Amino acid sequence: MRKRKTPLEIVSIVLLGLASLAAVLPFILLIVSSFADNNTLIKEGYSFFPSKLSMAAYNYLRVQGHVIFRAYSITIIVTVLGTVVSLAISSMLAYVLSRKDFPMSRVITFIVFFTMLFNGGLVPTYLLYASYLKIKNTIWALMMPMLLMNGFNVLIMRTYYRTNVPGAVIESAIIDGAGEFRIFMQIVMPLSVPIIATIGLFVGIAYWNDWFNGLIYLTKPSLFNIQNLLNRILMNVQFLSTTTVGSDASAAISKLPTVSVRMAIAVIGILPVLIAYPFFQKYFVKGLVVGAVKG
């Protein structure tokens with residue numbers, strides 16, 4: 001016999017349903033608006049049921065399909081490689097800091113925490129990466145600055161290791177003659193899949209959505225990732241729509257889907273993240289909450 005739900009459970013379900021709906025509806029409105037006619041959006045505003053639909057925005061982007069494909073390829077390479085390297089650095093540093101027998105643990109933990117509160121500023125950072133590390137106008141400009149390691153991720157992983165990896169297991173492995181690297185790879189890593197998946201998703205989304213580094217360190221369009229390219233396309237559309245030119249050119253420019261193309265650009269940029277998120281969402285509660293609350 002099915003147990004009847006209490007009034008509190010019913011209220012909780014309703015509230016969670018409304019919260020979920022509030023999170024989903026903006027994405028639905030975004031997708032619908034990208035298929036709406038540009039003039040309809042201007043006259044009627046954004047609506048879940050536009051009076052006229054059009055593929056003009058996607059047709060405009062399709063003309064630049066080869067450029068978008070190249071930008072997508074760069075973004076995928078940077079996101080995958082950057083996430084793997086970032087997880088390797090963060091997880092190994094977090095493991096070292098989680099070991100209570102490591103004498104410099106407190107000092108290094110303070111240094112990591114300090115980077116969360118203060119930084120050198122944009123100008124010194126730019127001079128370091130552009131003048132000394134020579135990453136300007138290279139693909140490394142999309143990977144290295146402020147993304148390969150994050151102090152918040154390190155501290156979350158350190159807390160997870162301390163609360164979810166039994167110290168007795170590590171001591172037993174040391175007694176059996178296992179080295180630190182073997183302990184980390186064969187004992188710690190298999191027990192840390194939830195937190196690794198959670199932090200990996202955070203880092204991957206940060207890489208995918210990153211446009212600032214490309215704006216600062218890149219001037220070659222051939223190295224633009226998808227966010228930088230879409231931002232450049234959007235600025236070009238806005239510039240053309242506000243430029244005074246001849247009558248023939250003005251007629252052509254007036255047909256540009258200046259409003260709906262913004263929605264289409266947002267859809268193209270966010271769609272892969274929406275597809276990937278459900279595969280990692282199940283690790284969030286077990287990984288992030290356990291790693292952050294305990295300890």
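**Helix pair.** I began with α3 (residues 56-63) and α4, which pack at about 75° with their axes 5 Å apart. For this I took axes as lines fitted to C-alpha atoms, over the stretch in contact for helices, with angles from 0 to 180 degrees between N-to-C directions. α3 and α4 are therefore roughly perpendicular to each other; the label covers 65 to 115 degrees, against under 35 for roughly parallel, over 145 for roughly antiparallel, and oblique for the rest. L61, R62 and V63 of α3 meet G65, H66 and I68 of α4, where contact means heavy atoms within 4.5 Å. I sorted the residues of this contact into three nonpolar, two polar and one charged. Nonpolar here is Ala, Val, Leu, Ile, Met, Phe, Trp, Tyr, Cys and Pro; charged is Asp, Glu, Lys and Arg; the others, Gly among them, are polar. Helices are DSSP runs of H or I with at least four residues, numbered from the N terminus.

**Basis.** The model is predicted, with local features needing pLDDT of at least 70 and side-chain atom pairs pLDDT 80 or more, while totals for chains, interfaces and linings use all residues. Residues are numbered from 1 along each chain as its sequence is written, and side-chain values use heavy atoms, with hydrogens and water left out.

**Largest pocket.** I looked up its volume, about 540 Å³. A pocket is an open set of points on a 1 Å grid over the protein atoms alone, where a 1.4 Å probe fits, with protein on both sides within 12 Å along at least five of seven lines; lining residues have an atom within 4 Å of a point. Points are joined across faces, edges and corners, and the volume is the space filled by probe spheres set on them. I found 21 lining residues, with T115, F118, N119, M146 and M149 nearest the centre. At least two lining residues come from each of α5 (105-117), α6 (122-132) and α7 (151-164). The lining has 14 nonpolar residues, seven polar and no charged.

**Second largest pocket.** This one holds about 380 Å³. Of its 16 lining residues, T79, T83, G204, I205 and A276 lie nearest the centre. α4 (65-98), α10 (193-209) and α14 (260-280) each give at least two, and α4 gives the most, with seven.

**N137.** I found N137 in the loop between α6 and α7. Its side chain reaches the backbone nitrogen of T219 at 2.7 Å. Beyond neighbours within four places in sequence, N137 is in contact with Y217, L218, T219, K220 and L223.

Notes
A polar contact is a pair of N or O atoms within 3.5 Å; within protein, one must be able to donate a hydrogen and the other to accept it, and residues adjacent in sequence count only if both atoms are side-chain atoms.
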